[in-house]
Amino acid sequence: MYWYSFLNTFLAALFYIFMAHGNEMGNGCIPECKVTKTNITDNHLLSQNDKPLKTVSISLFLGLKENNCSIKNQCLLNSTRILEHYNFSDDSIVSVFNFQCYTPLIIQITPYTGRHRPNIISYIQVIKCQMTEESFYILGSMVLPFHVLLMDTNLPTIESKGTNKSMCNLMKQVTTLWIFNKASQDNVTDLEDIINMFQCNHDFPNMKDLTIQNVKINTSLFDFSAKFPNLVSLELSLTGLQNPIQFPWSDSSPLLSYNLSSSEYLLNHYAKSLHITVEKHHFRRYLNLNMNNISILQNYEFEGRLQALKFSGNGLTELPENLFQKLKQIEHIDISLNSIKRLPSSLFRELPLLKHLDCHSNNLTEIQMDLFIDNKELIYMDFSRNRIERIHKDVFRFMENLQELHLQNNNIVSLENVEWPFYSTKLEFLYFDENPLIHLPDVVFYLRAIKLASFKYTQIHFTNFTKYVNNLEYSSIAEQLVKGSVPKNDLSYNVIVKNPNLLLDNILDRNRKIDLTGSKIDNLNIEFFGEQRELKERSGRMKLKLLLILKYFEIILEGTHLRCDCGITHLSRLVAILEKDGLLDGKEYFFNDWKCSTPQEFKGKNMLKIQESDTYCERTITNCPSNCTCYSRSITHITIVDCRNRLYRDLPKILPEGILDLWFQHNNISTINEENLQYLPNIRQLLLSENQLTRISDGAISKMTLLSTLYVDSNYLVSLPRALRNMRLMSMNFINNPLKCDCHTKWIKHWVLKNSDVVERVSDITCNVDDEAEKGNFLIRIPDEDFVCLEDFDSVKHVVIPSVTSSLILVLLIILLCLMYVYRLEVKVLLYIYFGIHPFDKDDKDGKEIIDVLVLHAPDTTEWVMENVVKYLEFQKDYYVVCEMMRDFVAGFTYMENIASIVKHSKRMLIILSPEFIEDDLLKVAWNEAQEKIKELRTNYAIVVCHDVVLKQVMIKDMQRYIKRGRYIDANQALFHEKLLYSMPQYEDQHGRVKSLPDIKDFIQATYGEEGFNNDMYKRHAFVSYSDSEMPYIMNELRPTLENNGYFLCLPDRDFVPGASKEENILKAIDSSLHTLFILSGNHLEDEWSVFTFRIASEKSLRVRSNHLIVIIGEDADLETMDEEVRFYIKTHVTLRVNEKWFIKKLLNSLPEVDAPILDVNDQEDDDIKHNVRHKHQKEREPRRVVAEINHCAYDDNGIVNGMGNGYAGNRTVKFIKNDNHAYVNDEDYQIEFTDISLDDDV
């Protein structure tokens, strides 16, 4: 050992002398590595001599310090300091050395002068770093290498003859070697690297576990069996193999080296998660050939002492019958993600130890009889995502050890004939989600060990819930619920019905869930029926069975459309009786979790807390209006006439007899008179919110002697009928009416104050003193002396008659002026078109806004807006700068932040009013922002375009008044485009004007962002969160697109640190990433970690005041069934949709700018573009491709193209210059060159 220590000291001295000489030489030195230390959770991994070994895990993140060296991709790591980070003692210990580089670096570890530490059993992990051969040799001289993981790095090669023997001896000590290529990048491991790494004159008998992923393998060039003769675990995934490899090479069962044994924690990850049995002193016997190209296995047979075999994602369509016959000790088989149509009947014969079978994501159509006749030890089965329609009735009958069964996403319609292991004490989880199942199988109430039976998003419904409960067997439910020691005779109905506590006191108290989320269940109506002599026994049995179901099964009904009509009364009564008898305590889940969906007034309320007197059911009633719906209330039998949203202009002449509740909200009723309305004395409720009411007669109110509720809010009433003072109302609402504050309405103030317990929102009632258009004053705060009347002005007497009698010419002149006033916009447009005159409403010449117009509209009208508004404006000769909300808003920010920031920098706001947009909250936000700018700057800022909308449909009063003043354009009238162009800003001088859409993110960040926010502080541009179902799209489409554009991503399946907890990985990914891209798919939020990711990312967005969280909605996402928190976020924030037109463009606009390689992006908006145009960035940025359209061109005498045109370069506009085969973008950052253009070319 003395010579070994002396040699190390001598080499270290030579190394430091060389480095000192290098520093004197100037910048040819190698800088020292910048080291950031992070502690990892120290889980117990190994024991030695059956005594637990302490585990120390540290990550060393490596980068370059600031230096003057010319060598930029290398750095030195001090070997002594490595050990100082760990502070090892002389006791045996397990250490995890995790070397991870921020960017690819070559790491040279300085020579080690200390003593060799064989007591340090080491896991060496190298990620994105390239260790030199000498560095690995030095690590081996420091500690005992046990496990080596190399990810996204070149392998060390054995080239130097002087160190060849030492390097080979070092690799000879390694027991486990994992090589991963996860990233699509250059300079990572290939087959040649692996061959060079093991160019030794001996084999590696100590190597027991080898994993190679995403490295193209050719078994004819590298003999694995010769190099690793004792290998028992082999993983070759994503290696391009076309034929299976015969493995294992021997049936020996080697022990772990150095008398080591695996801890319980390690075995849980290493073996128990696969349902295989591995002794703690042994390796697992495992073959993984996932994601290769082995599509044909005709006449092939696996053999040997394998415990687990994975063969997913190989494109298999069929399997030979004897494929697994020789694997007598196999416990785990995975053939998922293939295209297998049928499993041979004898495929799993004579495999008595098989415990885990995964066949998901194939094309299977049935599970046939006797397929698993020899597999009584099966614990886990997964047949999800197939096309299974039929399951033989006895397939699962004798599987007493089965614990978990997955059959979701198939075509199963019924399970009524399938036999189940009723007496099994192990079957805990059943999954039948997203199948066309119609009936809920009875078996879920009979299985003794069941914890979760999931039927989410099925077609299950109850045609007759009473019949369903009656058909359940009381004895079967009771037997599976009680403790095993209770005699069956003590469970008989005749005994229990007298004292239910005899049963309840012996029931196992544990959670049993039946998940019916998103199913078609719309009622839980029960009835007690039968002959009189049967009634008592039938109702007693139903009561007892419902008690057991309600109390001991959690039935999840989220996303269903529960109908809370009079049909819920019997269930509500039953629950009340059970609660009164002490059998329920009122805290059970269903009191709060079962929510009503219909009718509208009960939506979101707890079903079992609806008062019986408030419920009602639809009935066929005489004289019910033909286009309305009539209901009858429970108990009182009051008739409800529901005519909401039926476009009524008056109340019907005839209505049903009896007491009436009239629901006429959202109609066009303008007056209420007493004539010909015989039913007025029968009205109990009169709901007239949001009509066109201008008058209610005193006579009509006086006749309504039973009236208790009157809602006339959001109408056009300037006063109220005085007869109200004599009414005994229980509730009234009349806010949002343009009440006049004069001598005729003074009584209203005193009446409101006297009846403040009856009138709703008293403090919000306003009235106008003078001008009807003003916002109004609060009624109860106006002094009595201000309620005065002014003498009416007689316009006929003082204006019209004198004018008419003055002269006929004056009359004609007035008529002419009136016509010009009515059609003033058309007159001004015609003056502008034919004479170039733009009178009265030009813009301020000093306006500094960059954006010409902001376009807002409903998503449903996007195509019309793009074709008729945006393209028209952008391709004018002035090429206006247009910000269109569906194309240009920045994802991750709220709609309000986008609008408010853009309004500050825009000259116009163009609001496209459509029926869908009128009731949108976004319209109110936009209008409030527009009003502020109209008041501050100019009156012609907002332009309203009515698209299939009439004035009466506009709900915003201020906007109605604005439109009445003529600041709107009807899209269906003539001169639409001319009016639109006239409303745009006019420029006399185009020189110096910015003609490109700026970066909206900068505007939003400047307005709402955090001061001093620095993008460079983050290691990754984006962390991508997605479900397993979205993984192919992420890996094959989204990830290459972003990474090819220069973005660094954090992907869970690629970048999460092995061994670390999921919570730690997620928090670290969000904290180290500038953005979180949250892919919202159909089943993403079913995972609690997805919900956790969404909430943490959302909180970070609020904390740093940026668009950190960017939600991308997948094609299969059902927003109606998602959590309220997610739906609120989508409603208020700009999100992206995978299938929308500008998805990639909007995504890139939402991310920070990076230097990107050349892209070849075709403009999606214009199919007429024939030529690709190349452009160069004058600031040495990476170029993008420009596509332009020629609006006008002509040829001079010399055949030179003279023309003007527009196009797009990102968000910039292209201008073509005369007499030049070039074109320039408006901000002069781009130059476009035309090549090989002739007169015949279609440019």
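Analyst: Two strands pair if DSSP finds at least two bridges between them, and strands (E, at least two residues), like helices (H or I, at least four), are DSSP runs numbered from the N terminus. This is a predicted model, in which local features need pLDDT of at least 70, side-chain atom pairs count only at pLDDT 80 or more, and totals for chains, interfaces and linings use all residues. Residues are numbered from 1 along each chain as its sequence is written, and side-chain values use heavy atoms, with hydrogens and water left out.

The sheet is open and has three strands in the order E34-E35-E36, with mixed pairing. Strand E34 (739–740) and strand E36 (777–778) are the edges; each has a single partner strand, so one side of each lacks a neighbour in the sheet. Between E34 and strand E35 (residues 766–768) the pairing is parallel, over two bridges. Lys740 has Asn768 in E35 as its bridge partner.

On the surface, Leu810, Leu813, Ile814, Leu816 and Leu817 form a nonpolar patch with about 410 Å² of accessible area together. Areas come from the Shrake-Rupley method with a 1.4 Å probe, and for residues only the protein chains shown count as cover. Leu810 belongs to helix H18 (residues 808–822). Leu810 counts as partly exposed because its relative accessibility is 33%, the class between buried (under 20%) and exposed (over 50%).

Patch residues have over 30% relative accessible area and no salt bridge; nonpolar side chains (Val, Leu, Ile, Met, Phe, Trp, Tyr) are joined within 5 Å and like charges within 9 Å. A salt bridge is a side-chain nitrogen of Lys or Arg within 4 Å of a carboxyl oxygen of Asp or Glu.

Key. Buried means under 20% relative accessible area, exposed over 50%, partly exposed in between (1.4 Å probe, protein chains only).
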